[in-house]
Amino acid sequence: MERVVKTYEFALFIALIGFSMVIGFVKPAFFSISTIFNILDNSVTYTIMGFGVLIVLLSGEIDISFVAIAALSSYATNMLLLSWGYTGGISFYLIIGAIFGALLGLAEGLIVTKFNIPTFFVSLGYQILLYGFTLFFLGSTYNFNLPPGLTNYYSEFLIRVKNPFGAETSLNVPVLYLLIIAIAMWLLLRYTLFGRGLYAIGGDREAAKRVGFPVKRIILLALIINGILASIAGNIQNASNGYFDPTLFRGNDLNVIAYVIIGGASILGGRGSVIGVVLGVIFIQVLDLGVIYMGISADWQQLFIGLALVIALSASTLPSILRRIQE
Amino acid sequence: MNEPVEFLRLENVSKRFGGIVALSNVDLTIYQGEVVVLLGENGSGKSTMIKIIAGVYNPDSGTIHIGQKQYKVLNPILSIREHIQVIYQDLSLFPNLTVAENISIGHFIAHRRNVISWQEIYKIAQQTLSKIGTDIPLDVKLATLPVADWQIVAIGRALIEDAQLIIMDESTSALTQKEIQRLFQIIKNLKQQNISFLFVTHKLEEVKEIADRVVILRDSKKVLEQNAQGLDIKTMEFYMTGRIIDENATTRHNFAEVSATPLLHAGNLTLLPYFSEITFDLMPREILGITGLVGSGRTEIALSLFGVLPATSGEIYINGRKINVKNIKDAIRSGIGYIPENRIREGLFLTQSVGRNIVARIIRSLTKRGVLLPYIINQTAQTWIKELDIKTPSSEIPVSSLSGGNQQRVLIAKWLASNPKILILNLPTVGIDVGSKASIHDLMRKLAQNGIGIILISDDIPEILHVCDRILVMEKGRIKREIHQGEVDEDKLYQIVVG
């Protein structure tokens, strides 16, 4: 127990509770089930992408092309399934999308590992390449054409409650996927040699090589999983929107990385956790919602959230600074 | 006593790299449960030998016998299968993982176990540490433990693959006396379990404590192989360097005659919790040693004089004039130079050229109307390269390609270029071989004779005794004793420091 209390994640959790208290104190309406549903619902796709970001960061690499993989793989999946005359729901989208995502991650990973280039450099170009490919070869407009099984996806829910404004808020199905993926990721990181290898190569790559970890294969696999998770997030987001966007998530790459770092991951590798990613994304969602609830005008929101991000990100470096002082 | 059983035997092993002979017709035998200390200066072939045994290099000729088997070449995996493990100087551990994982993870890799059982990780680690006979918490991250514990974790990791021979490369260079004693105790324990050690070190005083046999390489040949008993440091130095190093052959000054005003006077310097009421003088041309255990405050005093950790009370006088040292800039302006402990990380721009490093501190004075002229840099650099006898093919190659001793000289040159009155050196010869060490000592004397006051911070007892005119022994932030040259011998000084 004492060990849990000392973790960064726990501190973040306390900060999250404290922050919610402040908002709730100003606007009691914030304290409601529907708020929780809202926050969870908004967190799903960022958290799923965040898991991919996490494993890449753990290995000591940085990737920013996952947003483009999300856009390309889901847009392509939709085109492909429509051309097959598919009429079902999201399950096939997730499977076919995952294959695209895996292949796109594999291609990136091969460039990284064969030519020994840092993932960050490759992904700078790769992101633009993939968005460009989508716009040029697949389509440059929103695709509102969905199979019948998917047209009402945004309204499929698990539970529905009344919100304080009299309308109804629902907990949507994708939250369930998030839960399953989170558990799978936790198991992957904690109970597989691959997962421990991510921490090891992020901690000391040379040492990892000497002890026999297949460093390149681990990075390759990390980028493939990153691609798969991005494609899942892309399909869920597009399906929930009700249309497929060829520039989905464009410009959100650094946001997601910021959330993961707020969640306690180190940009230098070797540190970070699944629960941290979940808390990091939720923290920002609470912040977003809080700004609205507290009636801060739209003009100020960006400024306010930006300021909070700077503070939170600075705070996330505290553990390592404290350690240095102790030494 | 039983007949010793041979574990490893190299026979006539040679290795060349291009035109350079790294190892020439060397024999080496290691018996079960024996500690062999391997000595030699940089470039003598020590690391080539280790890497041949570890299977990293293939020898050009000769044979390697392990037990009953005979090999022409090894490879890393084969070497591990033959129960040989190398602990490199950098230890190759994971600071962000727990102690238990650091010890056990190799087992899962070696047996291609893709699913981790934490129970097993802890079990293996527990068993291994009890075999070593030590107690380290298993579930904390390695980063939170002192380096001495890392060393033990590294030994633990070597043991899980059932090592019969553990090769330790410079394992004691980052450890304090107490920690070294603990490490040696562990090695002695493991010796009882028939595990052999090949121990590479620069610290000759350690040899008689740990070694059964000593092997010395020089210029890629074996020049000495002898039982450690009865072997003294002078003999070892002679075989390592091929010349007699006489540290005592320097004239000493009588400082009272030279000058009445001290170059530096520190009065009642206090900075809690590191040190308090520190008072001492540094005379012109004097080498003052400050020693003590890690945590005694010796480094903090230096940092305080240099303005990194300004003292909260007390006074500093230079040539009788009071100065105020609140930051590094003040210290430099007053003519105080500081050469840090970790020269690689704190003192040098490793990837930059020798010349640029030398002029780094005086770059402002080398410009003409704000423009930097390469030929002036070059001239200045050449002067210092000659003055300090830095062995480098040119002033334009990166510092990282020089040997440790020469890197240290570049760092000293960098400070001398700015013409300091006082130079503080913190552990200047750590990780430097005997030959270069002696020449750094000579350099310090030469500088002192030229009028620069030198403060040497060191925990190397023979070094501090041989080089310094006066020694301050620190304990828990206070000066415990002041010792004049010739007052005590090594054993006595050692007792004063640890006692």
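**Figure 1. The salt bridge between chain A and chain B.** Across the interface of chain A and chain B of this predicted model, the rule finds one salt bridge (a side-chain nitrogen of Lys or Arg within 4 Å of a carboxyl oxygen of Asp or Glu). The side chains that meet in it belong to R196(A) and E101(B), at 2.6 Å from N to O. Two or more residues on the side of chain A that touches chain B are given by each of α7 (174–191), α8 (193–203) and α9 (205–211) of chain A. Helices (H or I, at least four residues) and strands (E, at least two) are DSSP runs, numbered from the N terminus. The largest share, five residues, comes from α8(A).

**Figure 2. The interface of chain A and chain B.** Chain A contributes 17 residues to the contact and chain B contributes 21 residues, where contact means heavy atoms within 4.5 Å. About 1800 Å² is buried between the two chains, 61% of it on carbon and sulfur atoms; buried area is the accessible area (1.4 Å probe) that two parts lose on being put together, summed over both. Seven residue pairs are in polar contact between chain A and chain B, both residues at pLDDT 80 or more. A polar contact is a pair of N or O atoms within 3.5 Å; within protein, one must be able to donate a hydrogen and the other to accept it, and residues adjacent in sequence count only if both atoms are side-chain atoms.

Figure 3. R213(B) lies in strand β9 (residues 213–218) of chain B. With a relative accessible area of 8%, R213(B) is buried (under 20% relative accessible area, 1.4 Å probe, protein chains only). A polar atom of the R213(B) side chain lies 2.5 Å from the backbone oxygen of T29(B). Not counting residues up to four places away in sequence, R213(B) touches residues including I30(B), Y31(B), E34(B), E225(B) and N227(B).

**Figure 4. The fold of chain B.** Chain B has 18 helices and 22 strands. Of its 499 residues, 55% are buried. Residues 24 or more positions apart account for 66% of the contacts in chain B with a separation of 6 or more. The C-alpha atoms fill a box of roughly 75 × 50 × 50 Å along the principal axes.

**Notes.** Residues are numbered from 1 along each chain as its sequence is written, and chains are lettered from A in the order in which they are written. In this predicted model, local features need pLDDT of at least 70, side-chain atom pairs count only at pLDDT 80 or more, and totals for chains, interfaces and linings use all residues; side-chain values use heavy atoms, with hydrogens and water left out.

Note on methods
Buried means under 20% relative accessible area, exposed over 50%, partly exposed in between (1.4 Å probe, protein chains only).
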